[in-house]
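Me: I would like to go through a structure with you, piece by piece. Could you keep the answers plain and define terms as they come up?

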Amino acid sequence: MATKKPDRFDQVDWDEFTDSTGLSISINTKLMLVAALPLVALYLFDRFRVGEREKTFPKLGEDLGLSGLFETLGLDYNPSNLDYLFIFTIFVFLIYLVLPLYQNPRMTKYYWSEFKRNRPAVVSLVWLGIVFVGGLLGPLFIKRPEQDILRGHQPPAFYHISENHVPRCLGEVSNGRCHGTWAHPLGTTQGGKDILDVIIHGMTISMKIAFITTLIVATIGITFGTVSAFSGGWVDEIMMRFTDIVISFPTFILFLLVLYIYGATLGMFIFVFAIFSWGGTARYVRSKALSVTEEEFIKATNISGASKYRIIRKHVVPNTASSIITQLTLLIPGFILFEAQLAFLGLGDSELPSWGQLIASGRSDLSFAPWIVLAPGFVLFLTILAFNFLGDALLDALNPQAEAEADK
Amino acid sequence: MSSNLPDFDEDAPLLEVEDLSTTFRTDAGTLLAVDGIDFTVRKGETVCIVGESGSGKTVATESITRLIKEPPGQVDGTIRNKGLNLMELSEKELRSIRGNNIAHIFQNPQEAMNHCYTVGWQIVEALRVHQDVPKKEARARAIDLLDRVGIANASARFNDYPHEFSGGQKQRAMIAMALVAEPDLLIADEPTTALDVTVQAQILRLLNELQEEYGMSILFVTHDLGVVAEIADRVIVMYSGKVMERGDVFQIFEQPAHPYTQALMRCLPDKGVDTGGIPGQLPDPLDPPDGCRFAPRCEHAIEDCTIGEQPAEMEIDSDHEVSCVFYQHGYDESVVRDRELEDDTAIEDSSTEVGATDD
Amino acid sequence: MGLGKYITARVAWAGIVSLVIVTIAFILMHFAPNPAIQQAATDAALQGNDPQEAIERAEELRGLDRPIHVQYLDFLQNVYTLNWGWSEYRSQPVPQALLEGLYYSAQYSVPWTILTLLIGPLVGVYSAINMYSWKDHLATGFAFFGFAIPNFFFGIILLLVFAIWLGWVPVIYNPDVAVFSLENIRQLILPVFVLVTGSIGGIMRVSRNESAEFLNADFMKTAKAKGVSPMRAYAYHVMRPTMVPLSTTVVGQLLAIFLGSSVLVEVVFGIPGLGRLTFNALINQDTNLVLGSLLVFTFIGVVGNLIEDLVFTILDPRISYDDR
């Protein structure tokens, strides 16, 4: 590895960190186990020990005899099933995507030098980093925004509106105009919710959608594609026909039906969109797996009796990883947009303080309180834009051929 | 849109190129692809430009009707077609020359036709952009030509798409496309390189026949001296954007004067000498060496070869010119003469000539 | 396999896809708790009757006591004979309500589709011809803006600026104006603009990247050597081959936006089209109408994909029908 300069992500010798000749487990898998075990334990505890109306963490503190400590630390969370899945996905992301970048500094350096030539993509990465951290940590520090009619319609800092529109101005009043304060940098809604807080909580929702759907899509897509390619024959034919149906499915419409019949939680949203979005990934993995099988080195391992599973793990998945990541990056903005649309229509989970819901709530007051619509609207716009830029840059960085052609 | 350009002087040579230079601006600097070359093509003759790939021969021929993309390319010099200076023409006037007076066929017939249109459509297009011919008549002419270039069942194949043609058939169709407007000059840029040997010979024979039939001139670009022997009347040897040697085909084959021409001769497969190619590489076109361009690879090079400009072309026989220091006054030309090669090629050449004309 | 045979096979496949989707809809409906039946049980309990008996009676009334395969076949027959039931909320048969909605949806969908198909490829090819110039960067920037800005958010902003502040277009959609009137153009200009902005970006990107390849192709040099003018070369030798890869994404992209955004755009602009009808059916718990409008969208999707495949096959002369 050290002697060979990898000139693209695909050609990296993944053996370096997924070395699994026989039973030895890579450091990444060990880490994954270490991280996932407490999570699973906590989930099982929540599932079987904690009552329906009880909160998980206070109950845990009670059982461990550490109630006092938990209380001083402010550990009173009650994670939902989706939260467990989200945390699990974050672990997978950190251990199998971020950690390898650290383990392979040479590759990372090359990769970064390619990537940073694309300015908008770097800015996008920074923005997505903010949304990621905000979404992950924000809810731990910022309480869920609550109704407070008296604080309604406060303008953002540096902005002022006619006093008549504000029930009770918190900031300075001059010439009959109410000025915004730093207590609410982006202002408040009609119900007095702080907009910045809602936006940060909305980040959590967007990140949950982005990460969990991605994990599900990648898992189903890769499994389906490789199984189809290695089975061959009629199994392959049937699986690919099935994929055709999945791809031509009007998911949004189907989801409206599901929503109509069963109601729409965020979990349901993620589930429905994830299980109907893996078609492209599966198709790609299959075609790549077939071409990889043709290659000489695979034939060699095949003769030596290596298992199919090993071929998939060591050759197909690493070879397709970069393209799958790119594909998924370009899928995510669609999911986030759909969630916002449903929330805007009032068809989403009404409990969730999401960006779409905030936009909907500000619609009627648009003429005098435009910030309620504009702030979350721009955050949504920037997030979708950032994912698109990022995907585009990854496409260029991971596909030097395309770039060479473009330079011609 | 028939050619209504004035000033054609029917007595002037068909094509006169003087001091043609073509440069390309790149990020790394200005690339000198063709460096001040002259040549003439007369009515009815075949002139071959020979050289390794990268010697600037393709750029030189594509500069004639300015097929070069400008920018980054830039063409300077004088190019006269029957006395008319093409360099002074507007882009629109040039278009009425392209395909109409001067036609092109290219190296790779696989990609040279648009895959979305039938072969017939593309031939008719070549005619109808120049001449206001009714569709039916254009079609009839295209079918005639397809038949003439040796496409069997031409009226049916007219409606076929390029992917339904084989490589050789595509090149035949390209020839038909080039000839449909009856040009005076056909520029053929390595038209046989991408084809297998048997097809190659057929295409060369076809070009020879068509030349006689239409009385056109051919400017033929190749790196293959074997092809030159079969088709050329006169030969221009190019290296790194400069002309090294020129003369009629017998002079070049019987008395190759320039060390570079000799090196090319030795590369001919049945020469029995060294077929490992010419040692060394073409000079960097961004920064060509002083003196003779070939000096760094020349076994005879002396200090005088590496200073100043490319040596002036010296006439060593009637119409046989060579750009080499050793043919100038005060140098001994016998240093670079290769007697062995001259005797050898004399025999070889006559046999090739027989081969080329016996069909 | 000839073209005719290929088309037959492809149409049959579209039929299978629609059948699968309809079946999924049936399964979803069948295993969901039916509010009407629960209502009957509650009513019975309140009146002191046996709730179980009331449930059975209600099920019998709706034919839900029959074996599932009979219900399924019945459902299929109704779906494919357009026997889609009565809409409580609209007080008219479901197909009629849908047809009325379609009338309004078509009024903005048709100009939107035409404009997208005209402008998208033209700007894309123009961008490729001027690649890496400021014109290209401007077009690329617009493309990214277009597909990143949420349609409903963009619509609200435009309404605020052009209807409320500037008063150039009406705030409220009037369904009674004539289709081909200036008034109708004025009230549809914003929704069409929003949708075109959203759909054009993807088409521009695809045509730019695909046509870049053809601009540098050998056949362009051939065309130039033949004496073909640049405009003609772009129109015939670049645009035409670009249509082939473009055709594989165009319908998909338009459909995705139509299926995903028509509800939003119609709600924002107050257009009483199919999307708004679906929305109102959902809000008003009108099961027949919900199912009916979802079937319409589904069929539009299936037919759109069918058209896409057929157009691609016809556009690319190199395609072999055996490959698919």
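Me: How do β10(B) and strand β12 (residues 320–322) of chain B pair?
Reply: In this predicted model, β10(B) and β12(B) are antiparallel and share two bridges. Strands count as paired if DSSP finds at least two bridges between them. Helices (H or I, at least four residues) and strands (E, at least two) are DSSP runs, numbered from the N terminus.

Me: Which residue of β12(B) is the bridge partner of B:Arg246?
Reply: That partner is B:Glu321. B:Arg246 is also the bridge partner, in β10(B), of B:Ile236.

Me: How many bridges join β9(B) to β10(B)?
Reply: Six bridges join strand β9 (residues 234–239) of chain B to β10(B), and the two run antiparallel. Their hairpin has two residues between the strands, and B:Ser240 there takes a positive phi near 50°.

Me: Is β10(B) largely enclosed or exposed?
Reply: Strand β10 (residues 242–248) of chain B is largely enclosed by the rest of the structure, because six of its seven residues are buried. A residue is buried if 20 or more other C-beta atoms lie within 10 Å of its own, exposed if 12 or fewer, and partly exposed in between, with C-beta atoms placed from the backbone.

Me: Before we move on, what are the ground rules for numbering and confidence?
Reply: Residues are numbered from 1 along each chain as its sequence is written, while chains are lettered from A and ligands numbered from 1 in the order in which they are written. As the model is predicted, local features need pLDDT of at least 70 and side-chain atom pairs count only at pLDDT 80 or more, whereas totals for chains, interfaces and linings use all residues.

Me: Now chain A. What pLDDT does it average?
Reply: Chain A averages 79, and 85% of its residues score at least 70. pLDDT is the predictor's confidence in each residue, from 0 to 100. Over residues 1–23 of chain A it is below 50, and this stretch has 28 contacts beyond near neighbours in sequence. Residues 400–408 of chain A also stay under 50, with five contacts beyond four places in sequence. Where pLDDT is low, the predicted coordinates should not be read in detail.

Me: And what is chain A built from?
Reply: Chain A has 16 helices and three strands. Of its 408 residues, 39% count as buried.

Me: Which pair of chains shares the most contacts?
Reply: Of the two pairs in contact, chains A and C share the most. Two residues are in contact if their C-beta atoms, placed from the backbone, lie within 7 Å. Here 34 residues of chain A meet 34 residues of chain C. On the chain A side, α9 (251–262), α13 (308–345) and α15 (371–398) each give two or more residues.

Me: What is the residue make-up of that chain A side?
Reply: The side of chain A that touches chain C has 27 nonpolar, five polar and two charged residues. Ala, Val, Leu, Ile, Met, Phe, Trp, Tyr, Cys and Pro count as nonpolar, Asp, Glu, Lys and Arg as charged, and the others, Gly among them, as polar.

Me: Where does that leave chain B?
Reply: In chain B, 22 residues are in contact with 16 residues of chain C. The chain B side divides into nine nonpolar, nine polar and four charged residues. Chain A and chain B do not touch, and their nearest C-alpha atoms are 11 Å apart.
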